Amino acid sequence: MARDSPNEDDDHENLIHQNKDKSASFRIEELQSPIRRRFSKGHYLFAAIVTVISLVATIYLFFSSKICGTTSDRIKESQLRALYLLNKQRSSLFDLWNHTFGTSNNITAVRFDQIKASLLDQITLNRHIKDTLLSTENGTVSVPIVNGSEICRKIDPKSSKRRTIEWKPDPNKFLFAICLSGQMSNHLICLEKHMFFAAVLNRVLVIPGSKFDYQYNLVLDIEHINECIGRKTVISFENFMELKKNHARIDKFICYFSIPLPCYTDEDHLKQLKSLGISMGKVETAWKSEDIENPSPKTVKDVEEKFGTKEDVIAIGDVFFANVEKDWVLQPRGPIAHKCKILIEPSKLILLTAQRFIQTFLGSGFVALHFRRHGFLKFCNAKKPSCFYPIPQAADCIRQMVEKANTSVIYLSTDAAESETSLLQSMLVMNGKTIPLVKRPPRDSAEKWDSLLYRHGLDGDDQVEAMLDKTICAMASVFIGAPGSTFTEDILRLRKGWETASSCDEYLCHGEEPNFIAGD
């Protein structure tokens with residue numbers, strides 16, 4: 001069968017129409033108004049808790065009366081298990097009561113969300129008890145849980161409160177970006193920080209070429225950056241060399257870090273630059289003792305003082321580890337004023353391919369999991385506690401999240417071996433049903449979803465494949481990331497910018513998102 005037909009649909013057609021499931025068996029949001037109006041109405045919340053306890057007790061007594069005359073070992077085991085779960089739920093509900101009503105006369109929005117999450121946990125436990133009581137030798141009767149959309153809500157980006165800087169570069173002044181640390185995810189973070197430096201220094205940013213760095217135009221929509229800002233702020237290395245008639249000179253080469261190596265580079269990389277037709281003066285360091293292992297906080301004023309110069313072309317490197325205006329730089333949509341949701345985003349071909357994959361294999365509501373394993377054991381074991389989890393523990397954490405999100409499929413982005421993913425899949429069972437782990441399949445000429453990459457000669461490229469993975473994860477209803485991975489950090493950046501971030505997004509077996517992630 002031919003790969004493409006004459007009726008090939010337009011490459012720029014948006015394929016995905018999100019359908020939101022509005023059904024719910026229990027709406028926690030209905031508790032929100034009376035609790036937030038006055039904490040003295042906490043008895044409404046208490047009434048909800050009592051209702052849960054009463055429901056459990058009623059079901060337990062009813063089924064106990066039905067099965068007390070039987071002698072089946074399975075039923076006796078179910079009874080004992082139900083008693084254990086009832087005691088566990090009773091203890092948790094009393095803890096919730098004591099912590100909620102014991103210390104304060106006012107309730108905050110954050111505290112209310114915590115109460116909702118705790119109630120959800122107990123409602124989920126209630127379902128387990130029901131399942132246990134309904135257990136028979138022929139199987140288990142499943143009882144629906146709370147609609148995940150009531151718990152895993154979209155996060156308000158509060159874009160109006162952003163602190164921004166206008167990027168208005170002098171068209172004759174350039175900043176050459178030096179990004180050498182780690183893999184593509186590190187380089188993208190480095191590039192975003194270089195954009196901030198260029199905005200502060202009023203310079204056009206020169207994006208490195210494939211002979212010295214990655215071929216960014218394969219994975220990024222570079223012109224999108226200029227369109228969003230409304231002026232020419234970034235230029236490709238090739239266009240820069242044309243402008244300089246292939247005889248460019250870096251007038252000032254300034255290293256941000258001096259330890260362990262100036263610019264976190266070596267002579268080989270400097271020789272590569274020179275081989276491209278770029279001459280340069282002596283390499284300088286901005287700070288004599290700035291160490292990538294312990295970067296000190298810097299301000300815009302520090303950047304202006306150390307890197308401000310009248311020279312036409314300067315280079316700064318490597319700034320991946322730089323700690324400059326952290327809260328400003330890491331805010332959703334970034335620190336630079338622009339009219340788009342996000343400045344650095346995947347190319348249109350990758351965006352459309354991700355949409356087609358989701359439409360083909362996943363549907364609109366799915367959990368995305370970045371499950372990093374290869375080369376991660378040593379990195380994680382250096383942390384206390386370790387962020388490298390055994391497969392059974394990881395499976396348990398994933399099941400809890402899938403239950404909370406109320407979805408039926410997981411997109412798996414991983415470098416794990418087949419032996420690990422197969423074991424993980426075998427342990428992802430809920431209510432007697434397997435939760436499918438979906439990975440992108442090898443290329444098949446009969447499939448349509450990846451035809452755009454195939455036609456443009458991009459299929460099989462490692463960086464394109466990695467960016468496609470990130471894009472699919474960024475479009476998920478809920479995302480579970482790998483703690484310590486900049487691959488995960490890049491996905492979170494996209495989710496915040498695209499406003500797809502969920503209140504249930506978290507790091508695997510870790511909970512809430514930490515302030516900073518190091519490593520790739």
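A: The account below begins with the sheet, continues with the helices, and ends with the charged side chains.

The model is predicted, so local features are given only at pLDDT of at least 70 and side-chain atom pairs only at pLDDT 80 or more, whereas totals for chains, interfaces and linings use all residues. Residues are numbered from 1 along each chain as its sequence is written, and side-chain values use heavy atoms, with hydrogens and water left out.

Five strands form an open sheet in the order β13-β10-β9-β14-β15, and their pairing is parallel. Helices (H or I, at least four residues) and strands (E, at least two) are DSSP runs numbered from the N terminus, and two strands pair if DSSP finds at least two bridges between them. At the edges lie β13 (437–438) and β15 (506–507), each of which pairs on one side only. Strand β14, residues 478–481, joins β15 in the parallel sense through two bridges. G481 has Y507 of β15 as its bridge partner.

Two helices pack on this sheet. Helix α13 (residues 391–405) touches β9 (367–371), β10 (410–414), β14 and β15, contact meaning heavy atoms within 4.5 Å. The direction of α13 makes about 160° with that of β9; axes are lines fitted to C-alpha atoms, for helices over the stretch in contact, and angles run from 0 to 180 degrees between N-to-C directions. Helix α16 (residues 462–474) touches β9, β10 and β14, and its direction makes about 150° with that of β10.

Helix α16 also contains K470. This lysine counts as buried because its relative accessibility is 2% (buried is under 20% relative accessible area, exposed over 50%, partly exposed in between, with a 1.4 Å probe and protein chains only). Leaving aside residues up to four places away in sequence, K470 touches S185, L188, F487, D490, I491 and L494.

Another helix contact brings the axes of α5 (residues 184–201) and α9 (residues 300–307) within 10 Å, where they cross at roughly 75°. Helix α5 is therefore roughly perpendicular to α9 (65 to 115 degrees; under 35 is roughly parallel, over 145 roughly antiparallel, and the rest oblique). F196, F197, V200 and L201 of α5 meet V300, V303, E304 and F307 of α9. Seven of these contact residues are nonpolar, none is polar and one is charged; Ala, Val, Leu, Ile, Met, Phe, Trp, Tyr, Cys and Pro count as nonpolar, Asp, Glu, Lys and Arg as charged, and the others, Gly among them, as polar.

The whole structure holds 15 salt bridges, each a side-chain nitrogen of Lys or Arg within 4 Å of a carboxyl oxygen of Asp or Glu. One of them joins R373 and E420 at 2.6 Å, N to O. Because R373 lies in the loop between β9 and α12 (377–381) and E420 in helix α14 (residues 418–427), this pair ties together parts that are 47 residues apart in sequence. R373 is buried at 8% relative accessibility, and E420 is partly exposed at 22%. D221 and K348 form another salt bridge (2.8 Å, N to O). D221 is in the loop between β2 (203–207) and α6 (222–229), and K348 is in helix α11 (residues 348–362), 127 residues apart. D221 is buried at 14% relative accessibility, whereas K348 is partly exposed at 44%. K298 and E290 also meet in a salt bridge (3.7 Å, N to O), and both are buried. Finally, salt bridges link R440, E465 and D469 in a network.
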